[in-house]
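Visitor: Please show me the protein, and then let us go through its architecture and selected residues in turn.

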Amino acid sequence: MEDFPFFRLIFFSFSDLSYGEFLNILSYYCKKTGKSLTKINRWYPSSKTCSNCGWYNKKLTLKNRIFKCKICGTNIDRDLNASINIKRVGTSTLCESKDSIESYNL
Ligand SMILES: [Zn+2]
């Protein structure tokens, strides 16, 4: 039964898993490999915030696949921009208090 999460990953794509199941599997492997898992606030506007200067684009919609910053001129893939922001928030909060961000050292 210890390898159950691994087999789930083989036979199902991530889209077949609920968010809770995905977190359970991820937590399992982080714990097993001595890694830490940090969760950021689910409402953090990672897609709408410029990863270069921090400008917030409240008009960005799901149809907009490129993030264009009106302040610094950055043009970047929306998902790449979001991933940079998520990484920044996750790593910066590892040493901060955890008021709005949950961090787990497994
Ligand atoms: Zn910018």
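Visitor: How many helices and strands does the secondary structure of the protein come to?
Guide: This is a predicted model, in which local features need pLDDT of at least 70 and side-chain atom pairs count only at pLDDT 80 or more, while totals for chains, interfaces and linings use all residues. Residues are numbered from 1 along each chain as its sequence is written. Helices (H or I, at least four residues) and strands (E, at least two) are DSSP runs, numbered from the N terminus. From that terminus the elements run α-α-β-β-β-α-β, and the total is three helices and four strands.

Visitor: What is the mean pLDDT of the protein?
Guide: pLDDT is the predictor's confidence in each residue, from 0 to 100. Residues 97-106 stay under 50. Over the protein, 75% of residues reach 70 or more, and the mean pLDDT is 82.

Visitor: Why does the span of helix 2 agree with expectation?
Guide: The expected span of a helix is 1.5 Å times one less than its number of residues. Helix 2 covers residues 19-33, which is 15 residues, so it should span 21 Å. Its end C-alpha atoms agree with this, being 21 Å apart.

Visitor: Is S27 buried or exposed, or does it count as partly exposed?
Guide: S27 is found in helix 2. A residue is buried if 20 or more other C-beta atoms, placed from the backbone, lie within 10 Å of its own, exposed if 12 or fewer, and partly exposed in between. Because S27 has 16 C-beta neighbours inside 10 Å, its class is partly exposed.

Visitor: Which residue follows helix 2 with a positive phi?
Guide: The phi in question is near 75°. The residue that follows helix 2 is G34.

Visitor: How far apart in space are P45 and N85, C-alpha to C-alpha?
Guide: P45 lies in the loop between strand 1 (37-38) and strand 2 (66-68). With 13 C-beta neighbours inside 10 Å, P45 is partly exposed. In sequence P45 and N85 are 40 residues apart, but in space their C-alpha separation is 8.8 Å.

Key:
Two residues are in contact if their C-beta atoms, placed from the backbone, lie within 7 Å.
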